[in-house]
Amino acid sequence: MENLFDPIAYLNGLTRFVFEKDALENIAYENGLMEITDRSEVSESMKDHCLIALYEMVVNGPWSVASSSLQHGSYRQDIGSETVTATIIQNLKDRLKSLYKKYGMDEALESMDDGGMQWVNENSLYV
């Protein structure tokens, strides 16, 4: 029987963000999606752990991506630029915290509170 479940398409459908195929394949392998033959086999835990990996990629990755095009013969695929705002990042961090709590990922939860950004006045270093 032919495998009707496409793990890459499944991962693409979990968020509105665009990811590179290699990254999606890594997430699919790491979370056991490659062995699945039917979508009904995806457990809530598998889905949540895939979401964690996807959200972490957005939060920890570049917040702005340039547009790109892929062309092979007469086939052409264009992907527009994407900018992730601080509000979206905060929303994703809140979702991550909720998922970390749900699965007892205390170390990951603590690391969310440890990090932070602040403006540095370069001139103040020499005062």
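**View 1. Helix α4 and the residue that follows it.** Gly104, which comes after α4, has a positive phi, near 65 degrees. The model is predicted: local features need pLDDT of at least 70 and side-chain atom pairs count only at pLDDT 80 or more, while totals for chains, interfaces and linings use all residues. Residues are numbered from 1 along each chain as its sequence is written, and side-chain values use heavy atoms, with hydrogens and water left out. Helix α4 (residues 86–102) has 17 residues and spans 24 Å from first C-alpha to last, close to the 24 Å expected at 1.5 Å a residue; the expected span is 1.5 Å times one less than the number of residues. Helices are DSSP runs (H or I, at least four residues), numbered from the N terminus.

View 2. Ile89, Leu92, Leu96, Leu99 and Tyr100 are the buried residues of α4 (buried: under 20% relative accessible area; exposed: over 50%; 1.4 Å probe, protein chains only). Seen down the axis of α4, these residues fall within an arc of 100 degrees, so they line one face of the helix; the arc is that of the directions from the helix axis to the C-beta atoms. Exposed Thr87 and Lys101 lie on the face turned away from the buried side.

**View 3. The aromatic pair.** The whole structure holds 1 aromatic pair. The ring centres of Phe5 and Tyr10 are 5.6 Å apart and their planes stand at 50 degrees, so the pair is tilted (centres within 6.5 Å; planes under 30 degrees apart are stacked, over 60 edge-to-face, the rest tilted). Phe5 is buried at 7% relative accessible area, and Tyr10 at 8%.

Notes: Rings of Phe, Tyr and Trp (its six-membered ring) pair if their centres lie within 6.5 Å; planes under 30 degrees apart count as stacked, over 60 as edge-to-face and the rest as tilted. Helices (H or I, at least four residues) and strands (E, at least two) are DSSP runs, numbered from the N terminus.
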